[in-house]
Amino acid sequence: MSHALIVIDVQNDFCPRGALAVPDGDKIVGGINALMSDFNAVILTQDWHPGGHSSFASSHDGKSPYEVIEMPYGPQVLWPDHCIQGSDGAMFHADLNTDRADMIVRKGYRQGIDSYSAFFENDHKTPTGLEGYLRTRGITDLTLVGLATDFCVNFSAVDAARLGFKVEVRMDLCRAIDLDGSLVSAQSGMAAAGVTLV
């Protein structure tokens with residue numbers, strides 16, 4: 001029981017016609033499903049924001065989506081309202097094989113702080129509990145897939161590598177938002193952290 005597949009945020013709001021659609025975000029679902037049987041464990045992450053979350057541009061007067069503001073924990077991109085708890089947009093893509101999941105990690109549910117990483121909130125200190133789950137199951141190797149390459153996949157992969165896991169990202173089973181070169185920056189950062197990009 002040493003190798004887990006972590007599927008990052010394959011949710012309706014990140015797929016075409018969603019509130020924060022990632023180009024071709026739905027095109028990776030079939031490949032992810034096919035990959036699941038190769039792993040000892042499958043973990044899904046789910047963005048799960050309360051209404052009026054602090055990362056939403058609509059929560060800040062005069063601000064627009066994709067502007068960056070300074071929060072107590074550092075810079076924060078402001079997003080369109082997305083993945084609101086209980087909404088259709090927060091649900092997993094209908095074709096994703098959720099039955100195979102051993103665990104679902106919900107993140108971003110604290111009102112005042114966003115969470116890109118599957119391991120920590122954006123303060124890089126508040127844990128989600130995923131590390132403990134993996135350790136107690138004896139999992140040492142992680143393969144990451146999902147949405148979006150340059151944000152939640154990137155932050156999750158870098159944190160996992162820093163925690164001492166052996167990490168690879170299947171780039172063919174990820175898609176990016178790519179804000180102002182964020183994809184290239186994310187790829188460089190992941191590689192520098194010791195993540196293998198496949």
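Helices (H or I, at least four residues) and strands (E, at least two) are DSSP runs, numbered from the N terminus. With that naming in hand, we can walk through the model.

## About the model

This is a predicted model, in which local features need pLDDT of at least 70 and side-chain atom pairs count only at pLDDT 80 or more, while totals for chains, interfaces and linings use all residues. Residues are numbered from 1 along each chain as its sequence is written, and side-chain values use heavy atoms, with hydrogens and water left out.

## The sheet

Let's start with the strands. Six of them, in the order E5-E2-E1-E6-E7-E8, make up an open sheet with parallel pairing; two strands count as paired if DSSP finds at least two bridges between them. E5 and strand E8 (196-197) stand at the edges with a single partner strand each, so one side of each has no neighbour in the sheet.

Gln 46 stands opposite Arg 106 in E5.

The structure contains 8 salt bridges, each being a side-chain nitrogen of Lys or Arg within 4 Å of a carboxyl oxygen of Asp or Glu. One of them joins the side chains of Asp 9 and Lys 107, at 2.8 Å from N to O. This pair ties together distant parts of the chain, 98 residues apart: Asp 9 sits in the loop between strand E1 (3-8) and helix H1 (29-35), and Lys 107 in strand E5 (residues 103-107).

Lys 107 also meets the side chain of Asp 47 in a salt bridge, at 3.3 Å from N to O. Here the partners are 60 residues apart, with Asp 47 in strand E2 (residues 41-47) and Lys 107 in strand E5. The Asp 47 and Lys 107 side chains are joined by a polar contact of 3.3 Å as well. (A polar contact is a pair of N or O atoms within 3.5 Å; within protein, one must be able to donate a hydrogen and the other to accept it, and residues adjacent in sequence count only if both atoms are side-chain atoms.)

Buried means under 20% relative accessible area, exposed over 50%, and partly exposed in between (1.4 Å probe, protein chains only).

## A partly exposed pair

Arg 170 and Asp 172 form another salt bridge, with their closest N and O atoms 2.8 Å apart. Arg 170 is partly exposed, at 21% relative accessible area, and Asp 172 is partly exposed, at 42%.

## The largest pocket

The largest pocket has a volume of about 440 Å³. A pocket here is an open set of points on a 1 Å grid over the protein atoms alone, where a 1.4 Å probe fits, with protein on both sides within 12 Å along at least five of seven lines; lining residues have an atom within 4 Å of a point.

Of the 20 lining residues, Tyr 116, His 124, Phe 151, Asn 154 and Phe 155 are the closest to the centre of the largest pocket. Strand E4 (74-77), helix H3 (149-162) and helix H4 (182-192) each supply at least two residues of this lining, and H3 gives the most, with 7 residues.

Notes: Grid points are joined across faces, edges and corners, and a volume is the space filled by probe spheres set on the points.
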